[in-house]
Amino acid sequence: MSADTSPAALQEELLRRARSRTRDNARGGARPAGTPVTDPGPAPLSHAQRRMWLMDRLGRGGGVYSVPFATRLTGPLDLDALGEALSALVGRHTVLRTRYGQRDDVPYQEVQAVPRPFPVRVVDTDGDTAQTPDDSRGPAGPDSPAWAELLAAEARLPFDLSRGSTPRALVLRHGPEDHTVLLTFHHISLDGGSLETVADELALLYAAAAGTAVPARQLDPAPPQYADFARREHTGAAEPGGRLARGLDHWARRLAGATPPALPRPTGTPADLAARPSATRLEPLGTPVLPALRELGRARRATLFTVQLAAAFAALHRLTGKDDLVIGCASGHREGQAMRGLVGLCVNTLPVRVDLSGDPGFGELVERVREALLEAQQHREVPYDLITERLGAAARGGDGAALVRVTSDVLGEPTALRLPGLRAEPVDVDLGEAKFDLSFGLVDTGAPAGLVQYGRAALDDATGTALGRAFAALLTEVAADPARRLSQLPGLPETPARGADPAADTPAAPAPHPAEAALRSHPRIADAAVLDPAGGPLLAYAVLRDRDRGLAPAPATLRAGLRAVLERDAVPAAVVLVDVLARRADGTPDAARLPGAPVAPAPRGPRAEAVTAEFARLLGRRPAPDDDFFVLGGHSLAAVQLAERLRTALGLPLTGLDVMESRTPRALTALLDTREADRLAATARREAAGSPSSGVRPSHRRGATRPGTVLVTGGTGGVGAFVLRELARLGRPVLALARPESAHLVPGGDGVEVVAGDLNDLDSLREAVAGADAVIHAASTFTRPEVDVAAMRAMTEAWHSGPFVFVSSVDAYGHPDGAEVAEEAPSRAPLSPYGQAKVDCEQLLLHAAGTGGRGGASAVRSPLVWGPHDRLRDQLRWGATGLLYQAALSGGPIALPSPGTGGHDWYGAPWVHAAALARAVTSCLDAPVHGVANAVGGHVGWPELTAALRELLGSGSEVRFEAPDARVHPDLDHHWHYRADRLAGALRPAPGEDLRTVLREMITPSAG
């Protein structure tokens, strides 16, 4: 009889085991608290782990959830002893060798074997003895050692949690007795509080392995295990009416009506944000500031952390103009003897809500913050993700932002790995990513400073830089004079004026209809709303104040008043008086419960039925068409589960992020209908062209391939589409890698077989490469370089024969010295994360080429790719070209760098037609370049491109050249020409591939 593996059964089994252990303990048969876990069965994830797992499933993992731990060690380092110590450490703490699986939508964790020997990768840095990067907490710049980016690239490599979260070890050898050791952990298995335990134990284990004098203190032979902690947490969560349930009730009351702060939107383009997702501003503080802040805290019975948190609230108030604010703080769970020495993720986010109204002095604000923080800490055991699930849609802003998007902390001296016989110095590894939109910090070290870290999707660099300076100035001023009121503290020039209505809509919220605003201004009306149904009449609803029921103005009178002050099209067809204005949980009017309001019919069809059925299965109630997923009790994990179920059932592309954005059955059904229409249209085009219309096949079920078969990745993108067309023209059989739900996006043709695969699925990549005789790798995430590098590593490991062509980028050259860049010229710092990833992928490929029967390798570096394809048309609208395109489209002024600025006579960009690039790439199958080649079709100066855009868009934009001493806009600061000698023949333009023609083809479809 097979075991029941349903989600409910699995959870029940996990809880049964936990309750069984609890009963054993009560009978006196409990093992010591530190005894390692012996239960071989699966363990549930803690709430904190579940959040990390969820972020990974949503594609929001990557480097942002890596925990890099780097130390510069001077002296004789025993690498063998280090490997033995790491094996012993991972053996002691099972959370460091745990994999994370999923069974029927329920995630679980299980322990793996200890890696022996522990792999320690060693890289020589060619005698680089540059100083350790200073604690600027910013990206590695030109003054940082060249190896700093090696550390960052290693730390950004993704973990495959389904395979395990065992930490990675990298040693950079600068000299015989000069090394940098980097250990990279995934946050799901370790937090900052665990690093001290890890460093302490590694020192003892290293001493024992190296045979040096072992310190008198010995390791606990049976450390506590994180799986026990997770089980206890789930047992407590199952107690009805217990402490957790009471805590959730408290947080629901405490956060009722709270909204995330509205942060200024960035002015950069999405391409900028992808290349540089976050930034950190560090402003030094004067020597007297920290002692004065500590004294201020003592006078107000507050810690330095509380004082700094008050300063963060003050700075956020000055930035947003709001009086009701929430800031998140990290809270640890390590309490009591049983938790001492525990390695794992034991942190929780506390949403601290503070009222800043009344323009208090800073000292008074410290007291308000102290009380709010103390109250929050009394309920710190309630996981933040459960709080957000309880609040539902109320925990998000109108733009979907989570309630806690701003955090605050005090940062002390960083932890270092202090091995016996070596001098240790901590090394900061900058990942260039931020977990939250905005974070304030106070650096409490020998070099005190104010710190502001921000995501570039929330603040632009100008605002971020100004905010960093203002925060440091604010700390300095309140240290000198704690009585200063909030309105007197430093803020940004664009800070909203004091006295702004704290209840005003945030920038993300839509403005009320003019008729609604006019009705609300009536002295006898307490509430009002306007419905503007598609294809129906405009209707207004109003609720009278209780005291005015007997003096109710007639609806006709109200409408006449509106007609007198509003434009004709804004006057509703009727004003209806109601006792209660029915609203949904998100505040919008509920048309289904308002008299006379037209209600859109419920969506029908198989996709609508599937959406409704899966909503009901996950949430336990059948939804109405416009019910919000989060209001009904949905949460991020359930969104992932819903997307996976619908994707499997309907065979259409859908992600958890899609569910989080299209939150009602009606909206989600409309999205799926659109994607089904796209799929059917693609299938019809294939059938009309006489191509097979069969779907994608799993790679592991594929039969024998035809000789000479070429695997192509990225076939659904712009470059890949042209590569597939060129291979079809040449008559080459093709395996096109694609997700099953995206198979219809692959251009059809004779000899093209679509196989399942994705850059995030390393097994599928290996299987696909193993089944081909040649590879053209054109796929790229663009925004997650660590995924690109891991994918290339997997593909080169599986590569067994034939040529391999990698579509790289001229970004791999970085910032060369001269104006003309030869093929295979050395890369020059600074490199963008995208460019560095291309370099790393090239090195992996070229290192593997010619070994183990493998053929020749070609890294084809491409610039901007232009061509008549939707993906390429989108590319035109972002980055450097997007800056000019958007300005010309809007008719706004266009500022260009003058020739000679910065010593450069020319500013512009290289480009290539997608068809020419495809010819160049496919030519490398028969004639590999055995190295790096450029695929550049030409170069276009910014004035030339601007003139073409103005003509094609019919733009009246004024063009001016900046003064020669002006700072060149970062997007336009490109002044290199790239030679393209090796592939010149294939790159020779065919008719219709000139710049003006392709630019017209890219612009015309979107202009109509």
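Which residues are buried in helix 2? In this predicted model, helix 2 spans residues 47–57 and is mostly covered, with 8 of its 11 residues buried. The buried positions are His-47, Ala-48, Gln-49, Arg-50, Met-52, Trp-53, Leu-54 and Met-55. Helix 4, comprising residues 148–156, is likewise described as mostly covered, 7 of its 9 residues being buried. In helix 4 the buried set consists of Ala-148, Leu-151, Ala-152, Ala-153, Glu-154, Ala-155 and Arg-156.

The packing of two further helices was then examined. In general, a packed pair of helices is described by the angle between the axes and by the distance between them. For helix 9 (residues 289–299) and helix 13 (residues 461–480), the angle is about 55 degrees and the axes are 9 Å apart. Angles from 65 to 115 degrees count as roughly perpendicular and those under 35 degrees as roughly parallel; helix 9 and helix 13 are therefore oblique to each other. Their crossing is left-handed. On the side of helix 9, the contact involves Val-289, Ala-292, Leu-293 and Leu-296, which meet Leu-475, Thr-476, Val-478 and Ala-479 of helix 13.

Arg-301 is located in the loop between helix 9 and helix 10 (304–320). Although Arg-301 is not a glycine, its phi is positive, at about 55 degrees. The relative accessibility of Arg-301 is 65%, and the residue therefore counts as exposed. A positive phi of about 55 degrees is also found at His-930, again a residue other than glycine. His-930 belongs to the loop between helix 26 (914–926) and strand 28 (931–934), and with a relative accessible area of 61% His-930 is exposed.

Cis peptide bonds were assigned at two prolines, described here in turn. Arg-116 and Pro-117 are joined by a cis peptide bond with an omega of about -5 degrees, and Pro-117 is placed in the loop between strand 4 (106–111) and strand 5 (120–124). The bond between Ala-829 and Pro-830 is likewise cis, with omega about 0 degrees. Pro-830 occupies the loop between strand 23 and helix 23 (833–848).

Aromatic side chains were considered next. The count of aromatic pairs comes to 6. One of these is formed by Trp-799 and Phe-804, an edge-to-face pair with a centre-to-centre distance of 5.2 Å and an angle of 65 degrees between the planes. Trp-799 and Phe-804 are both buried. In another pair, the ring centres of Tyr-813 and Tyr-978 lie 5.7 Å apart and the planes make an angle of 35 degrees, so this pair is tilted. The pair of Tyr-813 and Tyr-978 connects distant parts of the chain, the two residues being 165 residues apart. Tyr-813 is found in the loop between strand 22 (802–809) and strand 23 (820–821), whereas Tyr-978 is part of strand 31 (residues 977–978). Both tyrosines, Tyr-813 and Tyr-978, are buried.

The ring of Tyr-813 also takes part in an arrangement with a charged residue: Arg-861 lies over its face, 4.3 Å from the ring centre. A further arrangement involves Arg-725, whose charged end sits over the ring of Phe-722 at 4.6 Å from the ring centre.

Selected positions were also described by their spatial relation to residues elsewhere in the sequence. Thr-716 is in the loop between strand 18 (710–713) and helix 20 (718–730). With a relative accessible area of 22%, Thr-716 is partly exposed. Between Thr-716 and Leu-737 the separation is 21 residues in sequence and 8.8 Å in space, C-alpha to C-alpha.

Ile-525 is a residue of strand 15 (residues 525–531). The relative accessible area of Ile-525 is 0%, and the residue is buried. Leu-577 is 52 residues from Ile-525 in sequence, with the two C-alpha atoms 9.7 Å apart in space. Leaving aside residues up to four places away in sequence, Ile-525 touches Leu-519, Arg-520, Ala-542, Val-543, Leu-544, Arg-545 and Leu-558.

How values were computed
Residues are numbered from 1 along each chain as its sequence is written. This is a predicted model: local features need pLDDT of at least 70, side-chain atom pairs count only at pLDDT 80 or more; totals for chains, interfaces and linings use all residues. Side-chain values use heavy atoms; hydrogens and water are left out. Rings of Phe, Tyr and Trp (its six-membered ring) pair if their centres lie within 6.5 Å; planes under 30 degrees apart count as stacked, over 60 as edge-to-face and the rest as tilted. Buried means under 20% relative accessible area, exposed over 50%, partly exposed in between (1.4 Å probe, protein chains only). Helices (H or I, at least four residues) and strands (E, at least two) are DSSP runs, numbered from the N terminus. A charge sits over a ring if NZ of Lys or CZ of Arg is within 6 Å of the ring centre and within 35 degrees of the ring normal. Axes are lines fitted to C-alpha atoms, for helices over the stretch in contact, and angles run from 0 to 180 degrees between N-to-C directions. Angles under 35 degrees count as roughly parallel, over 145 as roughly antiparallel, 65 to 115 as roughly perpendicular and the rest as oblique. A crossing is left-handed if the near helix is turned anticlockwise from the far one by less than a right angle, and right-handed if clockwise. Contact means heavy atoms within 4.5 Å.
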